[in-house]
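Work through the following exercises with the sequence and the coordinates open beside you. Each task is followed by a solution that goes step by step.

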Amino acid sequence: MITDQYLAYVLLMQELDFDVASEFLVMAATLILWKSKALLPQELDPNAMATDEDGALTQEELIRRLLEHQRFGAAGEELGQLP
């Protein structure tokens with residue numbers, strides 16, 4: 001019984017085209033990245049981060065990141081509640 005299921009799974013894997021599936025996943029991930037960048041608020045200079053003289057994040061930048069993380073967590077919970 002279990003060997004029959006295993007052999008059926010192996011045959012299914014041989015029939016599937018994993019190259020096409022992997023290309024689909026790469027394209028889907030790229031589109032999701034582009035869409036998320038389009039939906040997020042734009043900063044004046046997205047590559048610039050507030051740092052102090054030794055290169056560590058400033059308290060303001062750290063607080064901003066933590067608040068942003070909380071907002072995304074709350075949004076994720078709201079999305080999880082949707083049918």
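## Helix spans and cover

**Exercise 1.** Determine how far helix H2 reaches from its first C-alpha to its last, and compare this with the expected span.

*Solution.* Helix H2 covers residues 18–39, and its 22 residues reach 31 Å from the first C-alpha to the last, which is close to the 32 Å expected at 1.5 Å a residue. The model is a predicted one, and the span is computed from its coordinates. Turning to cover, the count of buried residues among the 22 residues of H2 is zero, and the helix is accordingly described as hardly covered.

**Exercise 2.** Repeat the analysis for H1, and state how many of its residues are buried.

*Solution.* H1 has 14 residues and reaches 20 Å between its first and last C-alpha, close to the expected 20 Å at 1.5 Å a residue. The number of buried residues in H1 is zero, so the helix lies largely in the open.

## Surface patch and salt bridge

**Exercise 3.** Identify the residues of the nonpolar surface patch, and find which helix gives the most to it.

*Solution.* The patch is formed by Tyr-9, Leu-12, Met-13, Leu-16 and Phe-18, which together have about 500 Å² of accessible area. Helix H1, residues 2–15, gives the most to this patch, with three residues. Met-13 is found in helix H1, and at 35% relative accessibility Met-13 counts as partly exposed.

**Exercise 4.** Which side chains meet in a salt bridge, and how are the two residues placed along their helix?

*Solution.* A search of the whole structure finds one salt bridge, in which the side chains of Glu-68 and Arg-64 meet at 3.0 Å, N to O, a distance to be held against the cut-off of within 4 Å. The two residues are four apart in helix H3, residues 59–81, and Glu-68 and Arg-64 are therefore separated by about one helical turn. An α-helix has 3.6 residues a turn, so residues three or four places apart point the same way. As for accessibility, Glu-68 counts as partly exposed at 23%, and Arg-64 likewise counts as partly exposed, at 33%.

Methods:
Residues are numbered from 1 along each chain as its sequence is written. This is a predicted model: local features need pLDDT of at least 70, side-chain atom pairs count only at pLDDT 80 or more; totals for chains, interfaces and linings use all residues. Side-chain values use heavy atoms; hydrogens and water are left out. Buried means under 20% relative accessible area, exposed over 50%, partly exposed in between (1.4 Å probe, protein chains only). The expected span of a helix is 1.5 Å times one less than its number of residues. Patches are made of residues with over 30% relative accessible area and no salt bridge: like charges are joined within 9 Å, nonpolar side chains (Val, Leu, Ile, Met, Phe, Trp, Tyr) within 5 Å. Accessible areas come from the Shrake-Rupley method with a 1.4 Å probe; for residues, only the protein chains shown count as cover.
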